[in-house]
Amino acid sequence: MTHTPMMQQYLALKAEHPDKLVFYRMGDFYELFFDDAKRASKLLDITLTQRGESAGAPIPMAGVPFHSVDGYLAKLVRAGETVAIIEQVGIPGQGKGPVERKVARIVTPGTVTDASLMDARKETLLAAVALDGARSGVAIVNASSGAVSLRDLPTNELAAYLARKNPAEFVCAESADSTMRTLLAEGTSLASFTLRARPDYEFTHVRANDELTQALGTATLSHLDLERTPLALLASGAALAFTRLVNGGNRLPISTVHVERASESVEMDAATLRNVEITQTLSGADSPTLFSLLDRCETAAGTRLLRALLIEPPRDQAKASARHDAIASLARSTSDNTALAKPLDFTQVQDALRGLSDIERIATRIAMLSVRPRELAGLRSTLSALPRLQVALQNTQNATLQSLADAINVAPSWHALLASAVAEEPALAVRDGGVIASGYNADLDELRAIQTDSGAFLAKMEIDERARSGIPNLRVEYNKVHGFYIEITSSYLGQVPVEYKRRQTLKNAERYITPELKAFEDKALAANDRSLALEKRLFDELLQLLSPALDTLRKAGAALAELDVLANFAERAETLKLTRPTFSSLPCLDVHAARHPVIESLVDQFIPNDIRLDSKRSCVVLTGPNMGGKSTYMRQAALAVIMAYAGCFVAANAAMIGPIDRVLTRIGASDDLASGRSTFMVEMTEAAAILQRATPNSLVIVDEIGRGTSTFDGLALATAIARRLISKAQSLTLFATHYFELTELANDYATCVNQHVSVIEHGDKVVFLHEVKAGPASRSYGIDVAKLAGLPAEVIRDARRELERLEKERTHATPQADLFALESPALIEAPQSSELIEALTSIDVDDLSPREAHAKLAELVALARSA
């Protein structure tokens, strides 16, 4: 079937973007056709209709109004969709065929910069990955801030790194597509992801150098120390090429390029982030988590920084201590003596920050020429508030706060420019007019005066025409569709003057135009068109005038985010009764009366416990019943480390924390059905990751490992893993288990100690005290917990009888021994013949050939049978 010229144009554009939803501009709507229309109707809950035919079948069609497209795009971006925006670039009526159209931009999940399409309180990141066997390079691009981070790392650590960064979109070479998909599916715990496979030639040094130098506006990259990240450099070229592609050929303005070091942050993999519930609960909810508890930031930028600090706490103790100093400085004074009152506390800072705009992101949108008028008005308001805050910060005695004061020192001329150029309450978009302030440009003021005079002209004409025609209800009005007109109701049509020309017929009235009114209409509409065009030009010029201020604005935005986090931490310290931690240069974790801050906020009473780990006491084997508090105890140890290094006070009476390079956890049991991995396989994979990465400066938390297989297999593996952590890794380890045999490790290793969660037995009931005490638990109380869970009484009684039988068999028959003890009771008690024992002890194993060993074994078997 032959398609219409317009449909042929659409199909040609769609063929260039087969994997995207194509929004095709037609007048006041963006239309979608065929399968795009079907998908969009479900995703956006819009009506699916039909238009014309293709191959004898109606063409499915759906559409959204152009003026409200941002809301629909935001919904599609959140769903991980990519949209190609097709705009009309030709003038209707000129030439043959449909109006010329082309792709104006491509909206993807990882490259959006428009405020209406983003979550203001989350970073939207694009990650490009270059794989090269055992090594990988990653370039993380934050399009909303113009920041690029580069990191080369072992490929076996890539999944953990990407899980921490949590990009919205990934880019890789076409040759690495399948490998990358497998890694993302199995290694990052991402439920879904958007991966773009780009041509291999985009991952080259030539492309990388060209893209980076062009984006930075420099002739060389020698100042960036890129020798340490050769693979990440390749990835950066592909990432920037991709952002240029989706932005219609426009380059992303880069503000900073940061070469990351492995030693920069306390590292946590996807399992740890999930297990200690930093930003999501184990069920995937956003709260209650550590982040949801701590986030009381006043600005979106502050919230983004807080999230980043909790996910990747800086490893530098000096940085954390500087934040602790600032928090102490911002604490509210407890003295009633006003003479001793502090010049600035967190409440005043939060009041000053409330309502400020996200100037770091606004600066990037100014650079990309995509900023909206009301964002400039918000920037103007923010700049007007900075001088007072700057003075208050300078008057403090804290070096960090004083440095932030310097960073928010923006020259007054930039505020003056915005105050003179931008209207007090500008329109949403430049195309609507009313964006440039009166008095900024004389030509614009003159054109506006013509439009303003329209009201007076119409009122005077209405009075004159009523008097001349004798029609009392004659009205002279204007609308955007029909322009200016004179409206007369049907009852007075006989009195219409002869020079009136009919413009529109209504049900009960007629609308007319006169030569005088037509002449004024031409003048007023021409003035309006010229006014809008001039405003657009002045707005574009204003953005160019602001470009020298962008680095200063970004610096001020980062400082405001840091200040917001510090004030937030000070408020949380007071509200949650947190304590300032101290740091040590020796490996240790000594927390007095530690609490789990999230759980404490949900219960009426929380029982604190001490945590002590150091080089002489590196492993605690923790035993006791389920529901006794073992998992909470271990998680609060991890949270204390994370909070302290993030710069926050901790939930304890006192805390001394040594250098921690990573937090590694193996907690809980769950299948990974999507990847075809059983509970036991998940356990062993996470355990393997711990053993590969753990160092003497790592905090390791292991909870109930080995439960996904047989008892003896699980016990053997748990014992071997614990021994490895104690003797080889020498990590600071909390090891919870129901295998009572593991308590024997304290006899084998001087650095291993036993602790248990205490329980009180009252008749046939147990009470969990949630106190951690020295020594091993007496028993596990599993049946008691099952009773609390509501198992039928008959099942509980049967279980108790079975437990009693098993314990008797273990005591009187073949006892279950420590499989790894040097001497096994089973081997010592079984032989009763002294002749057999003498035969065994007389064997020199190292001196036996295989044939002699086989003969000796047959001899021993015969001797044992005769005994």
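Trainee: Why is the contact between Asp464 and Lys460 called a salt bridge?

Mentor: In this predicted model, the closest N and O atoms of Asp464 and Lys460 are 3.0 Å apart. A salt bridge needs a Lys or Arg side-chain nitrogen within 4 Å of an Asp or Glu carboxyl oxygen, so the pair qualifies.

Trainee: What separates Asp464 and Lys460 along helix 17?

Mentor: About one helical turn, because they are four residues apart in that helix, which covers residues 442–469.

Trainee: How do you know whether Lys460 is buried or exposed?

Mentor: Its relative accessible area is 54%. Exposed means over 50%, so Lys460 is exposed. Asp464, at 38% relative accessibility, is partly exposed, since that value falls between the 20% and 50% limits.

Trainee: What makes Asp540 and Lys536 a salt bridge?

Mentor: Their N to O distance is 2.7 Å, and the cut-off is 4 Å, so they count. Both sit in helix 18 (residues 515–546), four residues apart. Asp540 has a relative accessible area of 30% and Lys536 has 42%, so each is partly exposed.

Trainee: Why does the salt bridge of Asp358 with Arg304 tie together parts that are apart in sequence?

Mentor: The closest N and O atoms of Asp358 and Arg304 are 2.7 Å apart. Asp358 lies in the loop between helix 12 and helix 13, while Arg304 belongs to helix 10, so the pair links parts 54 residues apart in sequence. Asp358 and Arg304 are both buried.

Trainee: How many salt bridges does the whole structure hold?

Mentor: A search finds 55.

Note on methods: Residues are numbered from 1 along each chain as its sequence is written. This is a predicted model: local features need pLDDT of at least 70, side-chain atom pairs count only at pLDDT 80 or more; totals for chains, interfaces and linings use all residues. Side-chain values use heavy atoms; hydrogens and water are left out. Helices (H or I, at least four residues) and strands (E, at least two) are DSSP runs, numbered from the N terminus. Buried means under 20% relative accessible area, exposed over 50%, partly exposed in between (1.4 Å probe, protein chains only).
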